[in-house]
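The overall form is treated after the individual pairs.

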Amino acid sequence: MSNINWTEEVEKRKEQLMEDTKGLLIIPSILDETKGTKEAPFGPEIHQALMYLLDLGKETGMSAKDVDGYAGHLEIGSGEELVGILCHVDVVPAGEGWTVDPFGAEIKDGKIFARGAIDDKGPTMAAFYAMKIIQELNLPLSKRVRMIIGCDEESNWQCVRHYFKNEEMPDFGFAPDADFPIINAEKGIFDVEFTLSEGSANRDGLQLTLFESGQRLNMVPDRAVAKINGTDLENIEKAFASYAENKGIQYNSFIENGELTLKTEGKSAHGSTPEIGINAGLELAEFLNGYAFAGHGKAFLSLLEAVTGEHTGNKLGIAAEDEASGKLTVNAGVMKFNSEGGKIGMNIRYPVTHNSEQIEETLFKRAKDHSWDLRIIENNPPNYVDDKHPLINTLQKVYEEQTGEKGELIAIGGGTYARSLNTGVAFGALFPGREDVAHQKDEYMYIEDLLRASAIYAQAIYELAK
């Protein structure tokens, strides 16, 4: 069976692959627990996406299971050992500024555009078609191959926690939810929320009455708004215009009923790479920190100042770095302030050899010293697989045969489902040299890359399970 032309097998199915991918992309599978039910805990649209994929698998002859609406799986092959392919069908909110319908799955310029095109519906369909090809060719397997489909990857990972409480843990596997060649090191992910402690607010002087920026901790906010009461608002507005123009950022402002409103626009990016985005909230906070606000507004802006202008945690006192995975990063993803107080949510990615207890201790001390409360939302430990492991050796061999390029091992700040496995790595589907547009407006995946990834995954799955 070594003479299978995997690229040709994918090409034979290209038309149907594109149709099925469109079908998944047009489902607006964004978390909405307000509409959650026992069968669909994350909302009807995410459940629709899960069932869509499970139904496709059933039509192909795969065994399928819905695990209480939290997750599901599709399986082929037989044997004692289990190879896991971990994917997800939920997506982050579309955000603003798209030039196409974020759930239209429009094809142009050799790309398919939609929220989730590269994270992670496109790669999921590539992996699904890899399994479909193996199934349709009736290739003999000595292991079972199971695609595990999560529904809450972009938020709190309740899906895989529930899944592995009830279902079998694979012996090893990969997640098609990051970059090629092979990611064997993923930083730890530490989500925290600072909130202003109760206390009397000073109502004299310049007042910050509202500040809002960001929807998710793992997204760089691309919009921010603040409202100010006090004197000299006209001069503050002029200074804001000069500041924004000098920084080269989009802005808007107006005075109405004695209140100044300031707005900034930035550039969204994944929370694991805050350095490639422009955080609209921090840009706005940097300007506001040039003024002496009263009461809670001053305290709110003071904490934002500690993450303004750098992404490595230096000013917070938590900077760290190692050879395997690089520097710690911090993304201020949610910033909210009003008359009732404020909160700042941060997404911290720390090196694989670093002790997260040190980060926690430093942040709690800082919160206490500045009269904030600190809540640890989640601490997801790092993931690392040794470069000598057979899983990595097999994936390197396949990648090099298919692409003619070196199967380098890389480390990322992003967190993929690979870390939920006892032994797992991230394997594509973003090829070297391609722009990473995950979580950004006009997200897309090259059709050529979708097909290439399908062929690579088909050979990889076969080599791992034959």
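**Charged pairs and overall form**

E283 counts as buried, because its relative accessibility is 16%, and a value under 20% is the criterion for that class. The coordinates come from a predicted model. The side chain of E283 forms a salt bridge with that of K247, at 3.3 Å from N to O. Since E283 belongs to helix 7 (residues 280-288) and K247 to helix 6 (residues 233-247), the pair ties together parts that are 36 residues apart in sequence. K247, at 38% relative accessibility, is partly exposed.

- Side chains of opposite charge can pair when their charged atoms come close.
- Over the whole structure, a search finds 29 salt bridges.
- One of these salt bridges brings together the side chains of R223 and E96, with an N to O distance of 3.2 Å.
- This pair links distant parts of the chain, 127 residues apart: R223 is in strand 12 (residues 223-229), whereas E96 is in the loop between strand 3 (82-88) and strand 4 (106-108).
- R223 is classed as partly exposed, its relative accessibility being 27%.
- A further salt bridge, at 3.9 Å from N to O, is formed by the side chains of K343 and E193.
- Here too the pair links distant parts of the chain, with K343 in strand 18 (residues 341-350) and E193 in strand 10 (residues 188-196), 150 residues apart.
- The two partners fall into separate accessibility classes: K343 is partly exposed at 29% relative accessible area, while E193 is buried at 16%.

- R144 lies in strand 6, which covers residues 144-150.
- With a relative accessibility of 13%, R144 counts as buried, because the class takes in values under 20%.
- The side chain of R144 makes a polar contact of 2.9 Å with the side chain of E168.
- Beyond its neighbours within four places in sequence, R144 is in contact with E75, I76, G77, S78, G79, E80, E81, L82, V83 and E168.

- At 29% relative accessibility, K227 is partly exposed.
- When residues up to four places away in sequence are not counted, K227 touches Q207, L208, T209, L210, E259, L260 and T261.
- K227 and D101 are separated by 126 residues in sequence and by 31 Å in space, from C-alpha to C-alpha.

**Overall form**

- The secondary structure consists of eleven helices and 24 strands.
- The protein is as compact as a globular protein of its length, because its radius of gyration of 24 Å is close to the 23 Å that the globule rule gives for 466 residues.
- The C-alpha trace spans about 80 × 45 × 45 Å along the principal axes of the protein.
- Of the 466 residues, 58% are buried.
- Among contacts with a separation of 6 or more, 77% are between residues 24 or more positions apart.
- The accessible surface amounts to about 19200 Å², and carbon and sulfur atoms account for 43% of this surface.

How values were computed
Residues are numbered from 1 along each chain as its sequence is written. This is a predicted model: local features need pLDDT of at least 70, side-chain atom pairs count only at pLDDT 80 or more; totals for chains, interfaces and linings use all residues. Side-chain values use heavy atoms; hydrogens and water are left out. Helices (H or I, at least four residues) and strands (E, at least two) are DSSP runs, numbered from the N terminus. Buried means under 20% relative accessible area, exposed over 50%, partly exposed in between (1.4 Å probe, protein chains only). A polar contact is a pair of N or O atoms within 3.5 Å; within protein, one must be able to donate a hydrogen and the other to accept it, and residues adjacent in sequence count only if both atoms are side-chain atoms. Contact means heavy atoms within 4.5 Å. A salt bridge is a side-chain nitrogen of Lys or Arg within 4 Å of a carboxyl oxygen of Asp or Glu. The radius of gyration is taken over C-alpha atoms; the globule rule is 2.2 Å times the number of residues to the power 0.38. Accessible areas come from the Shrake-Rupley method with a 1.4 Å probe; for residues, only the protein chains shown count as cover.
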